[in-house]
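Me: I would like to go through the terms used for this model and see what stands behind each one. Please set each value against its cut-off.

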Amino acid sequence: MNAFTLLRLALRVISRNKARAMLTVLGIVIGVGAVIAMVALGAGAQQNIAKQIASLGSNLIILIPGTTNVAGVRGGGGSSTTVDVDDIDALRREVKSITHLAPANRQQVQIVAGDANWSTNLLGTTPAFYVVRDWRTDTGTEHSELDEASHNKVCVLGRTVATQLFGTDDPIDQWVRIKKVPFRVIGVLSSKGQSPMGTDQDDTVLIPFSVYRQRMAGTQRDQIQAAYAAAVDANSSQAALDEMTAVLRQRHHLRESADDDFSLRNLADIAAASREVADSMTLLLGSIAGVSLLVGGIGIMNTMLVSVTERTREIGIRLAVGAKSSDILVQFLVEAVVLSAIGGAIGVFFGWGAAQLLSDATGWVTIFDPAVAALAFAVSGAVGVFFGFWPARRAAQLDPIDALRYE
Amino acid sequence: MSEVPVIDTEHLQKVYSAGGTPLVALADVTLRVQKGEFVAVVGASGSGKSTFMNLIGLLDRPTSGVLRLDGVDVARLTPNQRAVVRNRKIGFVFQGFNLLRRTSALENVELPLLYAGVPARVRTDAAKQALTQVGLGERMGHMPNELSGGQQQRVAIARALVNQPALLLADEPTGNLDSTTTREILTLFVDLNVNHGITVVMVTHELDVAAVSRRVVQFKDGHLVMDGPPPPEWTPAVPAPWHVAKTSEVA
Ligand SMILES: Nc1ncnc2c1ncn2[C@@H]1O[C@H](COP(=O)(O)OP(=O)(O)OP(=O)(O)O)[C@@H](O)[C@H]1O
Ligand SMILES: [Mg+2]
């Protein structure tokens, strides 16, 4: 029998009992559908993470006082007071493999412009920050070293703050008040979207570090909550890290055996942490899909076994008129494969639909990869071969007269 | 003349041992059928006729004894070789039709050709021709359950004939047919036997059907109890060339 005849025969048999066929392939549909949807979501998430990490700026190194756990950067710094402005100066002076170093102290403040007011994140930092983090202004300018030196009360607004305070009006040269201190708006940052930690990076106001120390920091004016450094290039990131560590340890008089009382992380660490999360997600989803396909395969095996039993007489007739046992084997194997491939096709379709719905509903990015769909489809076919083999072999091993006499 | 017999059995025995006491369905049958013979197998119900047919049709295996088809000891054949013999050499008409359900008459008849690797176009033409031969030219698209018993039987006969077998084994082929159709089928068998040299072995309960044959073998409790030409008092349902010869001899 040629492939076309076999396929037609299989489709006809399957279409005779559509309800059973649908129930049989449900496991495969769910398995493949889950794979497709999850891979689409996972790829989207991965792309998001990559984009967000890139948005942190290249060659970035983050310094946070106090110790952090190994897994990643501790958020909401400022709880430890082990790094001060003199450390920053020393690092600037002594570490040759960094180009820029920007302290970044922050606090939650109320910002007022006329009648409007908004609670936001006030960030006191130096002009180096714009370079290190690769933040740019859309309109107006960033603040300068001159602003730092002259303690100019100027500010640069995040996109969210600008919109909240001024709507569609141009905020440049408008005045805002932070803790009763008037600041002139000199720029608005271009939108950065969400941070890797899921906070709105546009909900912030930047002022010169010198002004922050003088007017906003209260008694903690020498403390550093965080600092961002840029290595000369990506290759020297580790060297920079080592040098900075050495300088800080020496300045803090730490013994050999003592732990660092600060933490330094580079982009590679952060990327690795994110990738670890993504990898464990993939593993989890992969095992869910694997279990679904296993269950689906067992469903197919079960249905095929029932089918072989029900059609024993048919098998007997085919053998009686000259079918070889290999003809019977192939017939039932093709049936199992067609069945599970149908499940696979429906699964691809539903998985894709589910990913679309999910991305419409939540705004998550989903990436549909035809190669993954093809692979999932192929795997469903392989499941058919694997789980269809045993029932098909049982059919093929029947004796003609026994099969013909079967009631 | 020592031509190799189409069917040659020696002390053929079939014992069913399933379910306690062994049942001897076929005790000790030694029989030779030469090429071109037309044999009727008769006997009471349960005498072992179907058992014998299943053995020589290579559907079943004997408990002991030797079966040779065209001089080949079939015990030596592999399952695949047995399948090929069933497919190419033998046409089998079952007592209970054994048609595929929910499969059209045409496709049922095509089935042996499918396993012979015959291309689709040729398959369909041959199947149509076989169905026309048995008088079912107009009902080819019908499913078995849409056909009368007699029509189903004719589909089964068409299926047995479609691959032009050298040996036609028919287990009560006219059991469900009215006398007109019975005569048509018997005429067809005689024609196949006389003009195409096909060897026919046919089980029947009806004396006038048995009388059409040239040779009658009778089974009783698994033994062969009679072997010879049909008794002259049986009136054949249809005429055959050998009847004419016989009548002329008498005259
Ligand atoms: N599979 C089987 N298992 C056990 N006994 C069987 C089996 N098949 C047939 N028999 C027995 O073997 C004997 C011969 O059966 P067989 O079918 O050959 O008879 P038959 O001559 O064809 O009868 P009928 O004219 O009714 O068709 C019977 O007694 C029957 O009960
Ligand atoms: Mg019988």
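Me: What makes the backbone of Gly46(B) a polar contact of ligand 1?

Reply: A polar backbone atom of Gly46(B) is 2.8 Å from an oxygen atom of ligand 1. A polar contact is a pair of N or O atoms within 3.5 Å; within protein, one must be able to donate a hydrogen and the other to accept it, and residues adjacent in sequence count only if both atoms are side-chain atoms. The model is predicted, with pLDDT of at least 70 needed for local features and 80 or more for side-chain atom pairs, while totals for chains, interfaces and linings use all residues. Residues are numbered from 1 along each chain as its sequence is written, chains are lettered from A and ligands numbered from 1 in the order in which they are written, and side-chain values use heavy atoms, leaving out hydrogens and water.

Me: Which N or O distance does the side chain of Ser45(B) give to ligand 1?

Reply: An N or O atom in the side chain of Ser45(B) is 2.5 Å from an oxygen atom of ligand 1. For a polar backbone atom of Gly48(B), the distance to a ligand 1 oxygen is 3.1 Å. The protein covers 69% of the 630 Å² of accessible area that ligand 1 has on its own (Shrake-Rupley method, 1.4 Å probe; for residues, only the protein chains shown count as cover).

Me: Why is the site of ligand 1 called shared between chains?

Reply: Residues from chains A and B surround ligand 1, so the site is shared. A residue is near a molecule or strand if one of its heavy atoms lies within 4 Å of it. There are 15 residues around ligand 1, and those that come nearest are Ser45(B), Gly46(B), Lys49(B), Ser50(B) and Thr51(B). Helix 1 of chain B gives the largest share of the shell, 3 residues.

Me: How do you know that Ser50(B) and Gln95(B) coordinate the magnesium ion?

Reply: Ser50(B) through OG and Gln95(B) through OE1 lie at 1.9 to 2.3 Å from the ion, ligand 2. Donors are N, O and S atoms within 2.8 Å of the metal (3.2 Å for Na, K and Ca), and water is not among the atoms, so sites may look incomplete. Ser50(B) is in helix 1 and Gln95(B) in the loop between strand 6 (90–93) and helix 3 (105–115) of chain B, so the pair ties together parts 45 residues apart in sequence. Helices (H or I, at least four residues) and strands (E, at least two) are DSSP runs, numbered from the N terminus.

Me: Why is Ser50(B) called partly exposed?

Reply: Buried means under 20% relative accessible area, exposed over 50%, and partly exposed in between (1.4 Å probe, protein chains only). Ser50(B) has 24%, so the term is partly exposed. Gln95(B), at 40%, is also partly exposed.

Me: What makes helix 1 of chain B largely enclosed?

Reply: Of its 8 residues, 7 are buried, so helix 1 of chain B is largely enclosed by the rest of the structure. Among the buried ones are Lys49(B), Phe52(B) and Ile56(B).

Me: In the loop between strand 6 and helix 3 of chain B, is Phe97(B) buried or exposed?

Reply: Phe97(B) has 12% relative accessibility and therefore counts as buried. Phe97(B) has a positive phi of about 65° although it is not a glycine. Arg102(B) lies in the loop between strand 6 and helix 3 of chain B, and at 45% Arg102(B) is partly exposed.
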